[in-house]
Amino acid sequence: MRYIPNTKTDEEEMLKEIGVSSFNDLLKDIPEEVILKKTLDIPTLSEEELTEKIFKISKKNLDFRFLKPLIGAGAYRHFVPEAVKAVISREEFYTSYTPYQPEISQGNLQSMFEYQTHLSRLTGMDVIIPSIYDGASATAEATLMAMRLTHKNKVITSSLLHPHYLETVRTYTAPHQTEIHIAEYKNGLSDLKSIESMIDENTAAVIVQSPNFFGGIEDIESIARIAHEKGTLIIQVIAESLSLGLLKSPAEMDVDIIAGEAQSFGMDLNLGGPYNGYLGSKMKYIRQIPGRIAGETTDKEGRRGYVMTFRAREQDIRREKATSNICSNHALNIVAGNVYLSLLGKNGIKKIAELNTKATHYLRTKLIETGKFSGFKYPFFNEFVLEVKDKERIKDKLINNGFIPPFDLGTYYPGLEGYMLFAVTEILTKKDLDFIVNLLER
Amino acid sequence: MKLIYEKSKKGRHGFSLPEDQFKEINLKDCVPRYAKEKKEKELPEVSEVEVIRHFTKLSKLNYGVDDGLYPLGSCTMKYNPKVNEKLASIDNFLYAHPFTDEKYIQGSLQIMYELGELLSKITGMDKFSLMPAAGAHGELTGVLMIRKYFEDRGEKRHKMLIPDSAHGTNPASSAMAGFKVVEVKSNERGGVDINEIERLMDEDTAGLMLTNPNTVGLFDENILKIAKIVHSKGGLLYYDGANLNALLGIVRPGDIGFDVLHLNLHKTFSTPHGGGGPGAGVVGAKSHLVEFLPSPIVCTDDGKYFFEYPKKTIGRVRAFYANFPVLVKAYAWILSVGGKGLRQVSEASIINANYILAKLKKYYKPAYDRTCMHECVLTGREYKEYGVKTLDIAKRLMDYGFHPPTIYFPHFEPYAEETIMVEPTESESKETLDEFINAMIKIAEEAKTKPDLLKEAPHNTPVGRLDEVKAVREPKLHA
Amino acid sequence: MGYKVIEGLYYTKNDEWVKVEGDIGTVGITDYAQDKLGDIVYLEDIEKGNKIKAGETLTTIESVKAASDIYAPVSGEVIEVNSEVIKEPSIINKDPYGKGWIAKIKIENPDELKELMKAEEYSNYRKE
């Protein structure tokens, strides 16, 4: 077997050193009757056979490299620079373990710290947990965190929270007698009155996604004010983190906890994962936030270095009293996000966020102008909702012409069966968008 | 080393953007007044060359499996085959949007389905969910399934038994799933105390979470009796698959009484750890628990693959479906190794661990002096009298060019203290093990003769021991 | 190793001590406990006026490598909290029986003291 270096002779020598005559002597603790008598029926392929097999299977997918998505809904095809891939393909990053030994893990630890800085500057939050599995599980963790902080068990979520995130919150909170109330939406944005009417003294948090599932830019500041007036925490969910390049930061809007998805920062679509969730909070909540975090310190000679810190929150130390069970996360995507944001820099993040916004508004305007589409009007980032008359025909038309059709809102929103959620990123050129308008007009 | 921020210079950037062709759209009309940013986001300004050099330099401060032996116990740091990386990033997989119609992603679905079938064959379980993102995530999933199973039967069971030798994630996951954790003591042979299980397993107890081989590297010889006790009281048995590398082709957890389990694809199935993830913590269930699996799962009919939503599912544990490229790598590994190779993997890993144990037990008294499985647990107890801690021994190993083993885990009195948990995996040759063994023997001598050398170690790393107390007392969490 | 134990105090199995003066019990953690924890970095604030039962969690203490709950050795109302150690918890490492005291409890039921250990008994209990 090509991945095992030791030969039969090596093994014999080692068994001799161990003091047994055969390998089976090492299995004496295992009850004889449960030891498998037959070899598992799985074929062995050579590297070439394997490659051919998997490439063949991959052909059963569409040729996605050349299909441009008009769909986002929590997973966005942005351009990923080759430099990102080159860095995360270095063995020192992808074959290392969690940085438990900081002296030989400064690469990962410093990268965590730099990425925490990027996100801290984008969001204004003091504490950034750079990796929770994904946006959905980060939202669920944020919910549990708010419940621990307030000792209350009711949460109010906007109906425009990503449906998968909401389902994940339900799964995580199911054992904790949590009441989840869903606030209504109006014209593509959360209804502030509906949220306000639901808050009572038992409410731990209000959870609002912005940009919301429809791409809508919420008035988070007003919602935060309403929540705080009633002694409730506000959690902002950010499923499209690129929006941070353009919009007011959560800290500026007095948000207490953020739960985000950083897929847009250098991660490919990959059928939905691995992406990279993150959490953020005000400093005073650090002991209730789950997940690994890096901090700066020095060694004896005064050299600067980084360690995983505030470790007493974690499962290996606190066991059942830990803030979460999370240990392994999506660490390699921290490096990806760090490289991506370092390449973009201050001007890049702004420009690309602007480009997304403008392209998206361009498409909506042009589609409305055809007179074939209508939809509610609300401020949006890079996604918008339109009513589409002959949905199935449009889906076919788009896919046959090299575009993945928009998300069908009927899947999750009863009453919106005729509506679709369009997403536009910098991948789509003006030429593409004009072509799409022309195609859908006919 | 400088931070990327310390290399920033106004006006530099490392990104190429298409030209803005949307001059007719006025940005001011797009962003509502309440969402206009007040403060600019001060990211660093650096060129692509500088970024590449910065990260290349950072990478050199790390140690990976490709650099050498990485004997972290319970982590299974084996070689990550290169071809698998390539196969996981085939364009048709990489660019697939998760909300594409099933008929357009038949290839991806086929890999998912077939991987589940292979894992069922290897473990003896009936159906897998590939959704959980990591081992702990899989544990939470499995324990939530147990909870739902009893809820569905109208039984109120609020306790979970967990051995003192268990990974910290076991009690943490159980607490997240609303269970009260009841600790079970280990016995003098390193297994769980069967009388304790008999005593503690009652009608209020949902079951037992067990790692087997356990964290002291021993196969629990009473496993069949334990399963009988738990099941006879109506409980369920959870298998923490972190240590499956010992059992491939030898024993199937599904055959020895386990009802639900998680596997770490990033351990046994060779997918890389990525500096702490992403991995995958897939969950396998016996037939009576399949309907509780998180949704969706991948099924097939008539050559077509599709998502199915189990009837009594616990729900979603994340967005979308899985860490897909991790699944491709595990699938590729299983097929490269094959049925025969799987058994060889476990044989080689068991021989390697026992070889280290045999050679080092004179110098580092094992927690239990018995034949081990794929990892051995030594201790650094006897060097305490020279003022040397186990931590010092681990740090000194770095000077010899090795990544240290897991230390201080497992920890339970009186058997497992000052532990050094060594898991060599099948990837290591006898020569490498001999080098490691020699280094450990030298360190044992140094501990007696030059203890200060250990206490000050490591000496040749980019930084020395870092002040963790300062990191908490004077927190600096971003630049 | 010789951990310091003070005569005249009462001790719990979880390594808390209580000093009784009238109906007031001053609570802290022992020298053994602070040594096992190592450098203490955090002590969770306690609300004055809280009514607590013996054995319930009074607060949580944290070092870099460990965290543990501190349990109330006796039942009663928390009438005073040592704000100095909340601010600077490392005082507990330096002076666990003196300046490192944590809270004062108005003892509700003096009979509970009988359940606790005296100095000599505790010394034997933590003899290594």
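**Entry 1: around D31(C)**

I began with D31(C), which, leaving aside its neighbours within four places in sequence, is in contact with Y3(C), K4(C), P96(C) and Y97(C). Contact here means heavy atoms within 4.5 Å. This is a predicted model, where local features need pLDDT of at least 70 and side-chain atom pairs count only at pLDDT 80 or more, while totals for chains, interfaces and linings use all residues. For my bookkeeping, residues are numbered from 1 along each chain as its sequence is written, chains are lettered from A and ligands numbered from 1 in the order in which they are written, and side-chain values use heavy atoms, with hydrogens and water left out.

I placed D31(C) in helix 1 (residues 31-37) of chain C. Helices (H or I, at least four residues) and strands (E, at least two) are DSSP runs, numbered from the N terminus. D31(C) counts as buried at 15% relative accessibility; buried means under 20% relative accessible area, exposed over 50%, and partly exposed in between (1.4 Å probe, protein chains only). I also checked the spacing to Y42(C), 11 residues apart along the chain, and found 17 Å between the C-alpha atoms of D31(C) and Y42(C).

Next I went through chain A. G273(A) and P274(A) are joined by a cis peptide bond, with omega about 0 degrees. P274(A) sits in the loop between strand 9 (257-261) and strand 10 (277-281). L271(A) lies in the loop between strand 9 and strand 10 as well, and has a positive phi of about 60 degrees although it is not a glycine. Is L271(A) buried or exposed? I noted it as buried, at 1% relative accessibility.

H151(A) is a residue other than glycine with a positive phi, near 55 degrees. I found H151(A) in the loop between helix 6 (135-150) and strand 3 (154-158) of chain A, and at 74% relative accessibility it counts as exposed.

In chain B, the peptide bond from F409(B) to P410(B) is cis, with omega near -5 degrees. P410(B) lies in the loop between strand 11 (406-407) and strand 12 (419-422).

**Entry 2: chain B as a whole**

I counted 14 helices and 12 strands in chain B. Its radius of gyration, 25 Å, is close to the 23 Å that the globule rule gives for 479 residues, so chain B is as compact as a globular protein of that length. The radius is taken over C-alpha atoms, and the rule is 2.2 Å times the number of residues to the power 0.38. Along the principal axes, the C-alpha atoms of chain B fill a box of roughly 80 × 60 × 45 Å.

Buried residues make up 68% of the 479 residues in chain B. Of the contacts in chain B between residues at least 6 apart in sequence, 71% join residues at least 24 apart.

**Entry 3: cysteines**

How many disulfides does the structure hold over all chains? I found 0, taking a disulfide as a pair of cysteine sulfur atoms within 2.5 Å. C376(B) is in no disulfide, and the nearest cysteine sulfur, that of C372(B), is 5.1 Å away. C376(B) is buried, with a relative accessible area of 1%. I looked up C30(B) too: it is buried, at 3%.
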